[in-house]
Amino acid sequence: REVRENIWEVMLKPGKKCPPSTKLLFPFDASATVLEDLDDGIKLLEFHSSLSVYDLLTSHGQVPLPHYMRREEVLEEDKTNYQTIFANKPGAVAAPTAGLHFTQRIMDDLALKKVSCHNLTLHVGLGTFRPVKVEDILAHKMHKEFYELPLETFQAIDNATPESKILAVGTTCCRTIESVFSHVDPANKLKARTDLFIRSE
């Protein structure tokens, strides 16, 4: 997660070998200095490069495949296959997998059936890679994730009638909507970070 220009929260492995002041050298025109140890094994790094970190990720990074795919090799087609068609803002550490099956043809078919589709943003965070390690599910700590609910999407939900069917595709969307509408004045919470934990009790 970008904290400010060139300063990022990152996961390092093995993190114990990289205490603060450690300098990391990459096999391309970039280096980084460990500034601080944060919670849950996260490190705060300052990057040194003529390129932005986003550019470095684009040119040298790999698609973060979900662990259940059980393969180490990253294929070129993963860049399109493991990405939603409506993704347009950098910031997530993984794709929202519930939306991967949508194609443009499906979206066109939904439009023909008068299904109104509205977008939102939630940057899937490190929590998606964190297993639950506690016996009591209520003790599990969720990472905060940035979300933004566009005003148009908010109004479409807020103006829905009791007969309307509102379908949130995946916990990413559901988490954003519930985070906004759980406030007394939801219109003032359209852009924030959430640690809402969706679970059944």
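Strand β7 (residues 145–148) is joined to β8 by 4 bridges, and the two run antiparallel. Within this pair, Y147 stands opposite A192 in β8. The model is a predicted one, in which local features need pLDDT of at least 70, side-chain atom pairs count only at pLDDT 80 or more, and totals for chains, interfaces and linings use all residues. Residues are numbered from 1 along each chain as its sequence is written, and side-chain values use heavy atoms, with hydrogens and water left out.

The strands β6, β7 and β8 form an open sheet of 3 strands in the order β6-β7-β8, with antiparallel pairing. At its edges are β6 and β8 (191–194), each of which pairs on one side only. Two strands are taken to pair if DSSP finds at least two bridges between them. Strands (E, at least two residues) and helices (H or I, at least four residues) are DSSP runs, numbered from the N terminus.

## The five-stranded sheet

Another open sheet has 5 strands in the order β1-β2-β5-β4-β3, and its pairing is antiparallel. Its edges are formed by β1 (2–4) and β3 (23–25); each has a single partner strand, so one side of each lacks a neighbour in the sheet. From one strand to the next, the twist averages 35°, where axes are lines fitted to C-alpha atoms (for helices over the stretch in contact) and angles run from 0 to 180 degrees between N-to-C directions.

Strand β2 (residues 7–11) runs antiparallel to strand β5 (residues 42–48), and 5 bridges join them. M11 of this sheet stands opposite I42 in β5.

## The second largest pocket

M11 is also among the residues nearest the centre of the second largest pocket, together with D40, F129, R130 and P131; 15 residues line this pocket. A pocket is an open set of points on a 1 Å grid over the protein atoms alone, where a 1.4 Å probe fits, with protein on both sides within 12 Å along at least five of seven lines; lining residues have an atom within 4 Å of a point.

The space in the second largest pocket is about 590 Å³, a volume being the space filled by probe spheres set on grid points that are joined across faces, edges and corners. Its lining has 7 nonpolar, 3 polar and 5 charged residues. Ala, Val, Leu, Ile, Met, Phe, Trp, Tyr, Cys and Pro count as nonpolar, Asp, Glu, Lys and Arg as charged, and the others, Gly among them, as polar.

## Backbone geometry in the loops

Most residues other than glycine have a negative phi, and most peptide bonds are trans. The bond joining K13 and P14 is cis, with omega about 0°; P14 is found in the loop between β2 and β3.

K114 is found in the loop between α3 (104–112) and β6 (121–122), and counts as exposed at 74% relative accessibility.

Beyond its neighbours within four places in sequence, H118 is in contact (heavy atoms within 4.5 Å) with E152, T153 and A156. H118 and P150 are 32 residues apart along the chain, and their C-alpha atoms are separated by 8.8 Å.

Technical notes. Buried < 20%, exposed > 50% of the residue type's maximum accessible area, 1.4 Å probe, protein only.
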